Amino acid sequence: MSVSHLYLHSPFCSSRCGYCAFVVEVDALEKRDAYLEALLTELEREEHRLGEIETVYLGGGTPTLMRAPRLERLLAAIRPRLAEGAEVTIEANPETVDRALLESLRASGVTRVSFGIQSFRPHLLAALDRGATPEQGRAAVECARSVGFDSVSVDLLMAAPGQTLDDLEADLQDTLALAPDHVSWYELEMKPGTSLERMGAPTADEDVAADMYRRTVSALEAAGYRWYETANFAMPGHECRHSVAYWSAADYLGLGVGAVSTVGSERWRNASGVDRYVAALGRGDDPLRHRETLDDDTRRRERWMLGLRLDGPIALSWAGPPDHPDAVDRLVGAGLLEASNGRLALTREGRFLQNSVLHELMEYA
Amino acid sequence: MSRVEQDRIRNFCIIAHIDHGKSTLADRILQLTGAVSEREMREQLLDSMELERERGITIKAQAVRVGYTAADGNEYQLNLIDTPGHVDFSYEVSRSLAACEGALLVIDASQGIEAQTLANTYLAIESDLELVPVLNKIDLPAAEPDVHAAAIAELIGVAPDDVLRVSAKTGDGVEDVLAAIVERIPPPSGDPDGPARALVFDSVYDQYRGVVAFTRVVDGELLTRAPLSGMLSGARFEAEETGVMTPWSTPTERLGAGESGYVVTGLKQIGDLRVGDTITTTARPATEPLPGYRDVKPMVFCGLFPVEGDDYPALRDALERLALNDASLTYEPETSQALGFGFRCGFLGLLHMDIVRARLEREHDLDLLATTPNVEYQVTATDGSVTEVRAPADLPEPSRIEKIEEPFVRCSILVPADGVGAVMGLCQDRRGVFATMEPIEQRQQLVYDMPLSEIVLDFYDQLKSRTRGYASLDYELLDHRESPLVKLDILLAGDPVDALSLIVHRDFAEQRGRALVEALRETIPRQMFEVPIQAAIGSKILARETVKAKRKDVLAKCYGGDISRKRKLLERQKEGKKRMKHLGSVEVPQEAFLSVLSIGEGAKSGAKQ
């Protein structure tokens, strides 16, 4: 069984954002060379699992902090394995890119850039500890477009502390004005261990958060974007194929600290800690890994959890039976689900209540 | 063991308010008399149950014997009979008092007398006990021993110099307490040669030994192996073992007149030898039993239901076992449309209810749902028959009710002068009828006659919060009085939920209903559908609130790195849902069934305007 989706993690950041609970390393830029060597070593060790690579995702952290020469080496290492028309995405913070870097990435085979904009409102950017100004965000998107990437995507946040519906409306207008090919718009999750959570920042009111979500969906749809996943919107043909692979429960290989791989019934997560990671690979060992075996029921339940995120129907022949088939009629009656020919699809209203519907259909224990 | 002359015996108990240091003083006495070595000393040894230690209260009475060599060079036998400190357990106090000739009245030197202490002090005086007043915690900076000594002296009619001053914490002055016990408390005065009479002041059931009775021998003696009988129950048994607690159980050949100890009876049911019975010998039986106690009747009732229906047999077994050692706990099967099979349980009060519930959950590993507590109503039907109603669901149709009577209590509240207005307002809101007010120490004692049903909700919390914690409360059952009471039903999504029904005074029904539906709206999480909550009397809707439908329920993001994490989040969410009760299509959290206890004061005080 060969894997065709590859994730490469770069943990470095110049500062930790207020809402971030990811595996990142701040003030550790001097470790980048050693880290790159280790990452390339892990790639070599795992290469036997890879077939033709359909999608690559360079995530972080802030992958662009690896700078052009290192990214070029990394991209060169995977290039021979890329399938024709492969999608290669890199995440970028606007303040970390310039034309030269973007041109280098484009030349090295990156097809898609995803900018972490989060908001165009200065007071919200400050509240989220983001380093870029709204102008830097706009400039980065324009620059990427002029360099000739196939797709330019932007990430934005809603339900941030202090954000009003007017703030959201303004962010929607500013986003649409930039006309990105793809938009990811997440509700801010107050995660334990983040500085926002430690400061006791207020969580958004349930009704306001719902209003924001519904408003975002309708505004982006009205502008021609397809609401193809819970929090993702794309102009036709610009869906992120790498993410769709996750939501389709495909196998994927994740390399780097904190990266997760799922191959068949095996899932493993590399432990955090750049030094530990570098040392293990330097010794010729696997990095420390937390392993999990996924039994058939777990995989079936994950298919439902992931599949319901997408706008297309779920084929029972693919997902397997729901745990509570009796709930289907009830949900159809309530206008949340549509059923036909062995396929189930959430209605538009059902998509807003996706998680509730999932709990009606499935057991998670 | 040799026969101890009665004049070398002292039986005493300690009367104290919660936190005034009774247990610490008891510990110190055990240490000082050498009954317990430093090494063996556990904090607050007499409060042996885990729950008791956690809450800092004593529930069951116990007796401990220590030896003490007084200044006169003689060795005395001191029997310390422990008393509970909470109003719910005041009947246990009267049991302890009847086994003693004297009591230490322990008062916090910074707090002064509290209502329960006062009530128990009066009980002690009525029982002709010699009181030894002790001011504790004199080491605290806030202590005002002179002020409180004068007040106590006046209250019980002694000279201020007779009020002992100690710090049980540091041990300072505890020696004087022991001396005072010997000097001031009279020895027992029963007839050592008469037919045996021993008062049972507590009994516990032991799986291996049967009923173990804690008893105070008044006349005659109880010998190991002697055939005995309970004068009230008629039960016959043999003293398989007699002994004393030192504080560990220590067998003795006999228990003589004036002594306190235990008798292992081998009886299989606690009902065979109840608290208050008199033990005598069958060889030479006494003619008259000792004065017993009034029957302990539960005053507060609630339904207890297993969250998992499968646990019903386990709940029944657990209640059976608890009731073996707790004569005041009653239970009978109850069926609720909403909650399934469970038991309607009777308790002495809210604390007792909490403790029983906690023990069921903790010691028997049960997940329980408790309904709103209520009192017992006497309902006279139009045909003249009288029934006792312990659950709102059992109230007959209004057309078949002639009258409903509810229990009233005499409620005594001690409060500083600046809190009198607040307390009076609260009592009036709760249908209290003013009886008297008089100064005690620097405070006022307010006495109200109140429906017990008004107290079992959040009265105590309200009292504390309105007086910044300074008021203290005691109450005793008075009588039953007729009241215009109605059944208030709660409907969820149009269906009545029997477990949420309440019996309320007609004039308060609308306010209670309004407050309750509001509390429920805040407790019940949003569902996929809108859920109307209504309060109604019969078909008349008094109040309505709506739990809005969920408008968004999604997991914000889920990529390859967090699939397992999100799946685990779903598992946690599912666990939360399992703890909810499913009423029709509505998921109701367990707290909802106690919502009436959390009704805000604003709603209730509406009566004033």
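This is a predicted model: local features need pLDDT of at least 70, side-chain atom pairs count only at pLDDT 80 or more; totals for chains, interfaces and linings use all residues.

Colleague: Which residue forms a salt bridge with A:Asp275?
Modeller: A:Lys31 does, with the closest N and O atoms 3.4 Å apart. A:Asp275 lies in helix α10 (residues 274–282) of chain A, and A:Lys31 lies in the loop between β3 (25–26) and α1 (32–46), so the pair ties together parts that are 244 residues apart in sequence. Helices (H or I, at least four residues) and strands (E, at least two) are DSSP runs, numbered from the N terminus.

Colleague: How exposed is A:Lys31?
Modeller: A:Lys31 is partly exposed, at 22% relative accessible area. Buried means under 20%, exposed over 50%, and partly exposed in between (1.4 Å probe, protein chains only).

Colleague: Which residues of chain A are linked in a network of salt bridges?
Modeller: The network links A:Glu42, A:Arg45, A:Glu46, A:Arg49, A:Asp286 and A:Arg289.

Colleague: Now chain B. What does B:Glu454 form a salt bridge with?
Modeller: With B:Arg431, the closest N and O atoms being 3.0 Å apart. This pair links distant parts of the chain, 23 residues apart: B:Glu454 is in helix α10 (residues 452–455) of chain B, and B:Arg431 is in the loop between α9 (420–429) and β24 (433–440).

Colleague: Is B:Glu454 buried or exposed?
Modeller: B:Glu454 counts as buried, at 2% relative accessibility. B:Arg431 is buried too, with a relative accessible area of 13%.

Colleague: Let's move to the interface. How many residues are in contact there?
Modeller: 28 residues of chain B are in contact with 46 residues of chain A. Contact means heavy atoms within 4.5 Å.

Colleague: How much area is buried between chain B and chain A?
Modeller: About 3,600 Å², with carbon and sulfur atoms giving 52% of that. Buried area is the accessible area (1.4 Å probe) that two parts lose on being put together, summed over both. B:Met528, B:Arg551 and B:Lys552 supply 20% of the area that chain B buries against chain A, more than any other three residues.

Colleague: How many salt bridges cross that interface?
Modeller: The rule finds eleven. On the side of chain B that touches chain A, nine residues are nonpolar, four polar and 15 charged. Ala, Val, Leu, Ile, Met, Phe, Trp, Tyr, Cys and Pro count as nonpolar, Asp, Glu, Lys and Arg as charged, and the others, Gly among them, as polar.

Colleague: Which residue pairs with B:Arg567?
Modeller: B:Arg567 forms a salt bridge with A:Glu292, the closest N and O atoms being 2.6 Å apart. A:Glu363 forms a salt bridge with B:Lys574, where that separation is 4.0 Å. The latter pair crosses from the segment after α15 (354–361) of chain A to helix α13 (residues 563–578) of chain B.

Colleague: Is B:Lys574 buried or exposed?
Modeller: B:Lys574 counts as buried, at 5% relative accessibility.

Technical notes: Residues are numbered from 1 along each chain as its sequence is written. Chains are lettered from A and ligands numbered from 1 in the order in which they are written. Side-chain values use heavy atoms; hydrogens and water are left out. A salt bridge is a side-chain nitrogen of Lys or Arg within 4 Å of a carboxyl oxygen of Asp or Glu.
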